[in-house]
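Please look over the model below. This report walks through its charged pairs, its sheet and some of its helix contacts.

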Amino acid sequence: KIVIDVSNRDRHTRVFTSNGEVLQSLIPEATVVKAFNVISAYAMDADFDGSSRVIPIASDSCRARAMVKDIARDMGFQPYDAGTLAAAKNIELHVMQLCPKWHVPIAITVGVFILWWLFVIYIYFIDDVFYSWEQIFVKVSNKPICMTAITLLGLTYLPGCLAAILQLISDTKHKRFPNWLDAWLKSRKQLGLICFLLASLHACISALLLSPTYYHSWFHGTDTITHGPKKHHDDATDSHMRVTDTTPKLSYGDLWMNWKVTVDVKDIKSISRNVC
């Protein structure tokens, strides 16, 4: 009798016995096959949902593994022979991991951001006092966010160039890349998405920090001359009224840690009437 174990663990522990091995010890007269535990119910119900359809299969019986692989193929999945039932531990651990492909890219992002942040602190606060410490949380931190995004953009495209150089040196494209380069190539999507997120965050913060000091042409006023009534009915000279219409200079400049937006209205000129 063949029993297919599709169960997963309810909590993550470093040292444990897999459910498949426990089940095999409970029913020694049967053959336990670990399979289908990494596929969601939605993936099994849908013909194609974009997720991985690879199913690792582990069992101590080669015959049982072959039968379950045939079942997986008939269901439209790609079976993967994981070996004996001892591999069930790794299969169950894979399900318990939270975003396993994001750990290294996030660690790289945090490290790069800290380096750029320390560099900005040295440039603007230690080497030359350019900003006040009250501006460190938003205005100053916006700079390392931009620098980190640019650095991650370079890290996204650099491994492809290195891989091409290695292929040219080895004169073949069938040679396996080094492990560090292979892992780097597999992290390009995550690095690119984090780069896009940081660039979007930098754009939003920069929009909040717009100030007439740097973008004065966006806030300048305009003069409008309008015709008024004549002074006398027999006077051919029209009266004119010069209206200085100055758009208020709204500065969403300094966004502090308490997330208050200060609005600075400057240079609102009064309307003057000049009679020609």
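## Salt bridges

The whole structure holds six salt bridges, according to a search of this predicted model.

Strands of a sheet pair through backbone hydrogen bonds, and the pairing is either parallel or antiparallel. Which kind is found here? The pairing is mixed. The sheet is open and has four strands, in the order β1-β2-β3-β4. At its edges lie β1 (residues 2-5) and β4 (residues 78-83), and each of them pairs on one side only. On average, neighbouring strands are turned by 30 degrees against each other, with direction ignored.

Now take the strands pair by pair. β1 and β2 run parallel and are joined by four bridges. Here Ile 2 has Thr 31 in β2 as its bridge partner. β2 and β3 run antiparallel, with two bridges between them. In this pair, Val 33 is partnered by Ser 59 in β3. β3 (residues 54-59) and β4 are parallel again, over five bridges. Ala 58 stands opposite Gly 83 of β4.

## Helices on the sheet

Which strands does helix α3 touch? Helix α3 covers residues 62-74 and packs on the sheet, where it touches β1, β2, β3 and β4. Its direction makes about 160 degrees with that of β3.

Helix α1 covers residues 19-26. This helix lies across β1 and β2 (residues 31-34). It runs at about 170 degrees to β2.

## Where α5 meets α9

Next comes a pair of helices. Helix α5 spans residues 103-127, and helix α9 spans residues 188-208. Their axes come within 9 Å and cross at roughly 45 degrees. The crossing of α5 and α9 is right-handed.

Which residues make this contact? From α5 come Pro 105, Ile 106 and Thr 109. From α9 come Gln 190, Leu 191, Ile 194 and Leu 198. Sorted by class, the contact has five nonpolar residues, two polar ones and no charged ones.

## Where α7 meets α8

Helix α7 runs over residues 142-170 and helix α8 over residues 179-186. The axes of α7 and α8 come within 9 Å and cross at roughly 135 degrees. Why is this pair called oblique? An angle must be over 145 degrees to count as roughly antiparallel, and the perpendicular range ends at 115. The crossing angle of α7 and α8 is roughly 135 degrees, and the pair is therefore oblique. The crossing of α7 and α8 is left-handed.

On the α7 side, the contact is made by Leu 155, Leu 158, Pro 159, Gly 160, Leu 162, Ala 163 and Leu 166. On the α8 side, Trp 180, Leu 181, Trp 184 and Leu 185 take part. How many of these residues are nonpolar, polar or charged? The contact of α7 with α8 has 10 nonpolar residues, one polar residue and no charged residues.

Key: Residues are numbered from 1 along each chain as its sequence is written. This is a predicted model: local features need pLDDT of at least 70, side-chain atom pairs count only at pLDDT 80 or more; totals for chains, interfaces and linings use all residues. Side-chain values use heavy atoms; hydrogens and water are left out. Two strands pair if DSSP finds at least two bridges between them. Axes are lines fitted to C-alpha atoms, for helices over the stretch in contact, and angles run from 0 to 180 degrees between N-to-C directions. Contact means heavy atoms within 4.5 Å. A crossing is left-handed if the near helix is turned anticlockwise from the far one by less than a right angle, and right-handed if clockwise. Ala, Val, Leu, Ile, Met, Phe, Trp, Tyr, Cys and Pro count as nonpolar, Asp, Glu, Lys and Arg as charged, and the others, Gly among them, as polar. A salt bridge is a side-chain nitrogen of Lys or Arg within 4 Å of a carboxyl oxygen of Asp or Glu. Angles under 35 degrees count as roughly parallel, over 145 as roughly antiparallel, 65 to 115 as roughly perpendicular and the rest as oblique.
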